[in-house]
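Thank you all for coming. Please have a look at the sequence and the structure on the screen, and then I will take you through a few parts of it.

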Amino acid sequence: MSRIENLLREMTLAEKIGQMTMTASSYAVTGPIIAGDSTDSIRDGTIGNLLNMVGAGPTHEMQRIAVEESRLGIPLLIGLDIIHGHRTLFPIPLGETACFDPQAWEATAREAAREAAADGLAMTFAPMLDVSRDLRWGRTAEGAGEDPWLASQVAKAKVRGFQGDDLADPAALAACAKHFCAYGPVNAGREYASVDISERTLREVHLPAFVAAVKAGVATIMPAFTDLNGIPMSAHKPLLQDYLRGELGFDGVLVSDYNAIGELIKHGVAADAVDAAVLALKAGVDIDMMADAYRKGLPIALKQGRVTMAEIETSVRRVLRLKEQLGLFDDPYRRGSTSESAATLAERRRLARDVSARSIVMLRNEKNTLPLATTIPRLAVIGPLADAAIEMRGPWWGAGEFGPHVDVLSALRSNLPNTEIRHAAGTMIDDPDDSGIAAAVALCENVDAVILCLGERSTMSGEAASRAYPDLPGRQRTLAEAAIERACANGIPVIAILFSGRPLTIPWLAEKADAILAAWFLGTEAGNALFDVLVGKVSPSGRTPMSWPRTVGQAPLFFGQRPTGRPANPDDYFTSKYHDVPNEPLYPFGHGLGYGAFTYTNLRASPQRADEHARIDVSVDVTNVGPHTAEETAFLFTRDPVASVTRPLLELRGYGKITLRPGETGTVTMSMAASDLRFLGADLSLVFETGDLEILVGPNADRSQLLSTRIELVAS
C-alpha cells in the first residue's frame, strides 16, 4: 500500500481536515508562533499548510514541528504570492508581457522560483491568467492584458518556469493558476464585484489560458473570489468539478482564495460555515485558505450526512500527493538548505535589467527626441516618481519590499557622471499640494532636455485597487502641463515616463510631450533599464498588451470586438460611435515604437487551400527605414468574414520578431495550425467551417496598418 493510503488509514478526521486547511503567518516569522493560531495546531496535525512565511530559518522550524513533533510527521506545504519576483523583482506581469518573449517569461519565473525556494518556499500563488479588458480593474497589473491567445502563451511559459521539469527539484515551486475563472470582467471594473457574461465569452476569452495551464501540468488552481452568472466560483460545481476536473482532466489541488469559502455566506448562497464548507467541498476545493470553514464546518456536515468521508479523503489524497511530488516527504528541508552565490544574484539582476528594458513601451517619439546622447550636458528630472525607489517595486512585491530598487534619478546620476542633473518632485503622487510646482518648473530652463516621471503609486494597482479615474492622480497633470509649456517655450524637448499598473488615460499628454515611455513598474532594476532605453543602449521593443483608451468612457476596449450591423460611419448618424471621442483607442494593442522605423511588404500565405489538418505558413518582408538598428514585432491576425456565428474583427494567432540594421530588409515567417481556426458554433461545440479566411499582418491591431491576404479553408 502506498505511503498516502497508509497515512489516510491512520489519520483522524481532524488530521484529514488539517491537510485541507491553510493558515497565514504575519508575513515573516522569527519564532515558532504564527498569526491567528498556535504552533500546537501544527503539532496536533490540524494545520497542514501555511502561507506568507519567508526565510529558511522560520520555514524549517515550522517543518521541524510538523515532521518531528506531530503524530504522523506530515510535512507542511508553504506558499507565498510570488507574482513578479521574490526578492529580486522583475516587471509586473502586464509590463513583462509587453516584451512578447516566452523565453523571458519563463526565465523570470525560473529565477523567482530559485530565489523563493532558497527561502524555504514550495508554492507560489501565480500565474494570474485573468484576461482584462477594463483598465479600471486594479488586478490588470497582474495579468497578460486583453487577449486570450496571448494569456495562454504566458500561462505555458510561467508554469514551465515555476515548476521546471520536476516538482521535486529543490529549486522548483508548485505553480497556481488563478483566478479560475472570468475574474477580469468584474462589473464596472470594480474589485470583487459580480461577473455576468455569456457562455460564449467565458469559453472563448476567459477559459483558454487555464486550459493551456492544465496542459502544461500546473500543480494547483485557485478559484476566483467572484461569482459567475450568479454562482460564486468557490462553489461552482459545474466549472470546477464537471469542466475542470471532468472535461479537462485536472487532478491537481484546488486551493481557495483568502477567506473565499467563508465569503460564500456574504454571497448569499450559504447560511453558515457548515453550508459554505459543504458547497466548496462538493465543488472540489481541496484547501480552505484562511476561512477555517473546513475545520469548523466539515465535522458537523459529516455527522449530518451532507458530505462523505470519501469526499474528504479525495481532497486529502490530492494534497498529500502534491506534497509527495514536491519531495517534501523525502526531505522537508530540501528548500532553503543551500545559499545562493554572489555571482548568481548578480546574474539575476542582469536578467532583471535586460527584461525590464525590453518591457518598456515607447508610445511616442516625435522628431526623434530619443535616444538622448550620453554626453548631454544638462537634464531636468522632475516629478514625484523620479526619486521613488520604493515605488519601482510595483504591487505584490513578494519578499522584495525594501529592495534595493534602482530609481530613475539615481540611475541617471550614476550612469551620467558628467551631466548636470537638476531634480525636484514638484508634487507628490496623489497629494493636492501644488506648492512645489513653480520651483520644479523653473528647472525646465537652460537645460538640454526635461524628463517627467509621472504615474501611480505602486499600491494604486493590484488587488483592491480599482480606479474610476485611471489618469494621473493628484496634481501631476498641472505639473506636467506647466513644465511642458515652459520647456516648449524654450525649445527644450520633454520626455514623459509613465509608471503604472494599467494603461492610463493621457490624450492631453500624447499631444504635448515629445516622447512618452510606458514604464509600468519594472522592479529592482527599473532605473537602470530606463537609462539603457533613454540613451539608446537598448532600442525600445516593448509592445502594449492592452489597448490604451482615450478616456475611461471607452472601457472596456479591446481589438477583438465583434462587428455590428451598423459600423461607425461619420456621415451616418445612426451608426455605432461616440459623439465626443473617436471609437479607436489612443494606442492600439501591440503599439510600440523603436529607434528604427519599419515598412511591411509582400505578405503571402500558403497553402492557398487548407483543410483542418494543414499547417499555414505566413511570411512578410520587413524593412528598417529608420536611423538605428532595432527589433520589430510583427503580429499575425485572422478574420473570418462569413461564418455561422459572428466572429471577432481580429483574432491574434501569433507574432514574429526580427532585428534589422538601417536599410536592411528581412523576412518574418509565422505559422499556425489550421485546426486552431476552429471556433464555437451556434451550439457552442467546436466547428471547422470552410470558406475564405482573411490573414492580416502588421505592427499592431490598428486595421489601417495591417497588410491583408486571403486563403480558402476547405473540407478534408
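Predicted model: local features only at pLDDT ≥ 70, side-chain atom pairs only at ≥ 80, totals over all residues.

Which residues in H1 meet which residues in H14? On the H1 side they are Arg3, Ile4, Glu5, Leu7 and Leu8, and on the H14 side they are Glu313, Val316, Arg317, Leu320, Arg321 and Glu324, where contact means heavy atoms within 4.5 Å. Residues are numbered from 1 along each chain as its sequence is written, and side-chain values use heavy atoms, with hydrogens and water left out. Helices (H or I, at least four residues) and strands (E, at least two) are DSSP runs, numbered from the N terminus.

Coming back to that pair, helix H1, residues 3-10, packs with H14 at an angle of about 135°, their axes lying 10 Å apart; the axes are lines fitted to C-alpha atoms, for helices over the stretch in contact, and angles run from 0 to 180 degrees between N-to-C directions. H1 and H14 are therefore oblique to each other, given that angles under 35 degrees count as roughly parallel, over 145 as roughly antiparallel, 65 to 115 as roughly perpendicular and the rest as oblique.

Among the buried ones are Val274, Asp275 and Leu281. After H12 comes Gly284, whose phi is positive, near 105°.

My last stop is Trp396, which sits in the loop between strand S12 (378-382) and helix H16 (408-415). Is Trp396 buried, exposed or partly exposed? With a relative accessibility of 29%, Trp396 counts as partly exposed. Leaving aside neighbours within four places in sequence, Trp396 is in contact with Asp81, Ile83, His84, Arg139, Glu142 and Glu463. With one of these, Glu142, the Trp396 side chain makes a side-chain polar contact of 2.7 Å, a polar contact being a pair of N or O atoms within 3.5 Å, where within protein one must be able to donate a hydrogen and the other to accept it, and residues adjacent in sequence count only if both atoms are side-chain atoms.

Conventions:
Buried < 20%, exposed > 50% of the residue type's maximum accessible area, 1.4 Å probe, protein only.
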